[in-house]
Amino acid sequence: MRVLLLHSHPVESSYGAALHAQARESLKKAGHEVDDCNLYAEEFDPVMSRHDRMIYHTYPDNLELVRPYVDRLQKAEGLVIVTPVWNFGWPAMLKGYFDRVWLPGVTFELNGGTLTRKLHIEKVAVVLTYGATRWRAFLAGDPPRKLAKRVLRVQTNPARAVRFLAHYDMNNCTPQTRAAFLEKVRREMERF
């Protein structure tokens with residue numbers, strides 16, 4: 001299976017980078033072809049300009065500035081996202097990727113008010129790190145969890161649940177909790 005591995009953490013020596021490396025290694029070990037898309041390393045521009053918004057619904061003109069990312073997404077059969085949670089949301093880099101790449105004509109078509117999915121993604125997994133505790137995230141509504149388990153599921157394959165892996169309370173984590181979560185990511189990606 002061709003898996004698009006999205007990573008949006010700017011620090012190469014971080015725990016997030018270690019999670020990304022583990023996910024990549026485990027996916028390859030499981031026999032997947034991995035398209036490793038590190039949005040920061042690739043200097044992806046997450047800003048939707050006025051021009052981008054004006055042509056948002058005009059397919060194929062809306063692809064003009066993001067064609068390489070669209071091509072990669074359309075080839076994907078699996079999607080794995082490894083990212084931190086910032087302020088109970090996706091980092092701007094990842095949010096901008098969805099806004100600029102998951103476009104009409106690419107991920108969906110809208111004809112006469114009827115939406116048709118266009119992606120061929122069968123499986124989705126999301127690996128997140130939160131500074132907050134699970135309880136605090138719950139009280140805030142945990143938007144990243146909902147984006148992963150609801151929105152991505154509907155946009156890709158509603159018949160299959162999204163694998164959701166989260167290390168909460170990174171502000172108080174220990175080497176043991178980080179190692180245990182890294183091991184969980186290894187196991188889940190080898191079963192992806």
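This is a predicted model: local features need pLDDT of at least 70, side-chain atom pairs count only at pLDDT 80 or more; totals for chains, interfaces and linings use all residues.
**Close-up views of salt bridges and helix packing**

**View 1. E109 pairs with K118.** E109 is partly exposed, at 31% relative accessible area (buried is under 20%, exposed over 50%, partly exposed in between; 1.4 Å probe, protein chains only). Residues are numbered from 1 along each chain as its sequence is written, and side-chain values use heavy atoms, without hydrogens and water.

**View 2. R145 meets D142.** Their side chains form a salt bridge of 3.4 Å, N to O. R145 is partly exposed at 22%. D142 is buried at 3%.

**View 3. K29 meets E190.** This salt bridge spans 3.7 Å, N to O. K29 lies in helix α1 and E190 in helix α7, so the pair ties together parts 161 residues apart in sequence (helices are DSSP runs, H or I, of at least four residues; strands, E, at least two; both numbered from the N terminus). K29 is exposed at 64%, while E190 is partly exposed at 26%.

**View 4. Q22 sits in helix α1, residues 15-29.** Q22 is buried, at 15%. It touches L182, V185 and R186, not counting residues up to four places away in sequence (contact: heavy atoms within 4.5 Å).

**View 5. Helix α7 has a buried side.** F181, V185, E188 and M189 are buried. The buried residues pack against α1, β3, β6 and β7. The face turned away carries exposed P175 and Q176.

Definitions and conventions: A salt bridge is a side-chain nitrogen of Lys or Arg within 4 Å of a carboxyl oxygen of Asp or Glu.
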